[in-house]
Number of protein chains: 2
Amino acid sequence: MYSFKELQHIVDTAIKKSVYPGYLPELYDPITYIMSLEGKRLRPCLVLMGCNLFSEDIGAAVNPALSVELFHNFTLMHDDIMDKAPLRRGAPTVHRKWNPNTAILSGDVMLVEAYKLMAKVSPGYLEKVLDIFSRTAALVCEGQQLDMNFEKQELVNIQAYLQMIELKTAVLLGASLKIGAVTGGAANHEAEELYGFGKNLGIAFQLQDDYLDLYGNPEKFGKQVGGDVLANKKTYLLIKAFELAGPEEEKTLRKWLRPDAPRPEEKVSEVKKVFDALGIPEKIREETALFTSRAFTHLDQVAVPAEKKYILCDFAEKLLRREK
Amino acid sequence: MYSFKELQHIVDTAIKKSVYPGYLPELYDPITYIMSLEGKRLRPCLVLMGCNLFSEDIGAAVNPALSVELFHNFTLMHDDIMDKAPLRRGAPTVHRKWNPNTAILSGDVMLVEAYKLMAKVSPGYLEKVLDIFSRTAALVCEGQQLDMNFEKQELVNIQAYLQMIELKTAVLLGASLKIGAVTGGAANHEAEELYGFGKNLGIAFQLQDDYLDLYGNPEKFGKQVGGDVLANKKTYLLIKAFELAGPEEEKTLRKWLRPDAPRPEEKVSEVKKVFDALGIPEKIREETALFTSRAFTHLDQVAVPAEKKYILCDFAEKLLRREK
């Protein structure tokens, strides 16, 4: 069994070795650039872990692992254009460092490159792996569409929000494990359970992210406290708060959500007071625990020795316990 | 053997039958929209023709044919954003009718859908077909990048221009035939010759397009005479003219290429006079004939009965003789 650190090292080495044609730097440099930005490489490591559960030799999973990471970064490159984001992992986004056209076209060729790598799996697994990959890719696009729709909607319900994070974030974690499992020779039902594990873990992870924005230790979390609150982002916290708010609390929330609301620090603390009064932190922790528990129910169904599952449990723990 | 008209009908019927999820109209309606715009369906028909050369049953080629048409329209959707084009086939472009974000994300999901359809070929051909498709898709992106680079360059040489149209337009025609041939059971070398036929025909076709802009019958060609000249587009005509121009001709060309050049009608006729004096119409006709002849040399190498090749010859003739 490989440790998570070892897997990260394998992924990073493979990424550093990836070479794109040198004769069109405008097209290919942004790929090297975005792939070189610091990242936890969760998805490619999940591919390798999925494989490693069923096979000691994870060599066959390296190309699909890189493929999933390329795909993920392609979605970031295009999402950043759509969201007009200036920064990604602390560095300028591709559409800012170059321009939006470059980000569109480099992203397109990244998606093609992701398919090229995915197509390198053993021919016997090709059909199955491609089916998982393409279906997931379409769902991720749907998730981004839902997220953009939410920006324009006044009210979003929790159910729709959970569906959005499932599509935008969670299915790719599930698919990464599943693709890895397939390349490791897993049976269909085991690959499916791992998908369920990854997907539910992904939802829990995103909920945790929403929670930590306001309730995390800023030094460990590494982001501005209440960044989502300041940006009026429709996270689980805010949506749940509107769901549970009485007239007074709703009035307070609406006041602070106005685009011309003054005093950012006061905004964060006042909104937090409303959340606390409504018991939102407990609600989101319960919801996170629910999805985590669902994830582990799926993992229980996978018939590999407990010591092999340990790395996945450990991964889940670290993911969900990080910097609280 | 199916006639071109019959193949167009098969393609149109299959496109009309394509249904995308109804729950996210913002994402999927633009696909239905761009696919419904009138088009000649050259590429999917080439897939079917390629198959029909080797097999009477072209059923297996319908999904890859649709895939290639989806891919082509995906490139149009994204190119139109990059080129800020207001119209496509006389109708508003997706980024104008909706917005650029919609055109980015719908395009992305179109590329995924194209892969989904391509992956439906018989498992025995999947690896080969995907390899052709992905390699071609990357080349088409490179062609678009070269085209965008040319916009910013003052001087472009003929060699670079020919490479650009090969990548942006011609390789997909070649790949369409090749993919069809593979699904029809062609041997590798025959599929390769068909690729050569399609690619060279594609270059000839694009050169013809450049020629017809200024020398075509406007009623038959259906575009404004000299549209490329008015837009200062770096077509074969203009690039060759700069290559052959003496100081006087170059001065005249530069005068009319200035952004503030007055009197559009005079511009077209004066630029045309320079082209005529330099013998550009003859040059481009020679070049077109050269690529056409190369195309047919490839077709000669394909060992199927002459009557089966007839539809391809007829197609090539119609493509190149159209509305002169």
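Visitor: How many residues of chain A are in contact with chain B?
Guide: In this predicted model, 36 residues of chain A are in contact with 36 residues of chain B.

Visitor: And what area is buried between chain A and chain B?
Guide: About 3,300 Å² is buried between the two chains, and carbon and sulfur atoms give 71% of that. On the chain A side, L105(A), E142(A) and Q145(A) lose the most area to chain B, together 16% of what that side buries.

Visitor: How many salt bridges are there between chain A and chain B?
Guide: The count between chain A and chain B is zero salt bridges. There are ten residue pairs in polar contact between chain A and chain B, though, with both residues at pLDDT 80 or more.

Visitor: Which helices of chain A each supply at least two residues of the side that touches chain B?
Guide: Those are helix 2 (25-36), helix 4 (62-82), helix 6 (100-118) and helix 7 (123-152) of chain A. Helix 7 of chain A gives the most, with 15 residues.

Visitor: How do the residues on that side of chain A divide into nonpolar, polar and charged?
Guide: The side of chain A that touches chain B has 23 nonpolar, six polar and seven charged residues.

Visitor: Let's switch to chain B. At what angle do helix 2 and helix 4 of chain B pack?
Guide: Helix 2 (residues 25-36) and helix 4 (residues 62-82) of chain B pack at about 105 degrees, and their axes are 10 Å apart. That angle makes helix 2 of chain B roughly perpendicular to helix 4 of chain B.

Visitor: Which residues meet there?
Guide: From helix 2 of chain B come P30(B), I31(B), I34(B) and M35(B), which meet E69(B), L70(B), N73(B), L76(B) and M77(B) in helix 4 of chain B. By class, this contact has seven nonpolar, one polar and one charged residues.

Visitor: Back to chain A: what about helix 15 and helix 16 of chain A, parallel or antiparallel?
Guide: Helix 15 (residues 280-300) and helix 16 (residues 306-321) of chain A pack at an angle of about 175 degrees, their axes 12 Å apart. Helix 15 and helix 16 of chain A are therefore roughly antiparallel. Among the residues that meet are F296(A) and L299(A) from helix 15 of chain A, and L312(A) and L320(A) from helix 16 of chain A.

Key
Residues are numbered from 1 along each chain as its sequence is written. Chains are lettered from A and ligands numbered from 1 in the order in which they are written. This is a predicted model: local features need pLDDT of at least 70, side-chain atom pairs count only at pLDDT 80 or more; totals for chains, interfaces and linings use all residues. Side-chain values use heavy atoms; hydrogens and water are left out. Contact means heavy atoms within 4.5 Å. Buried area is the accessible area (1.4 Å probe) that two parts lose on being put together, summed over both. A salt bridge is a side-chain nitrogen of Lys or Arg within 4 Å of a carboxyl oxygen of Asp or Glu. A polar contact is a pair of N or O atoms within 3.5 Å; within protein, one must be able to donate a hydrogen and the other to accept it, and residues adjacent in sequence count only if both atoms are side-chain atoms. Helices (H or I, at least four residues) and strands (E, at least two) are DSSP runs, numbered from the N terminus. Ala, Val, Leu, Ile, Met, Phe, Trp, Tyr, Cys and Pro count as nonpolar, Asp, Glu, Lys and Arg as charged, and the others, Gly among them, as polar. Axes are lines fitted to C-alpha atoms, for helices over the stretch in contact, and angles run from 0 to 180 degrees between N-to-C directions. Angles under 35 degrees count as roughly parallel, over 145 as roughly antiparallel, 65 to 115 as roughly perpendicular and the rest as oblique.
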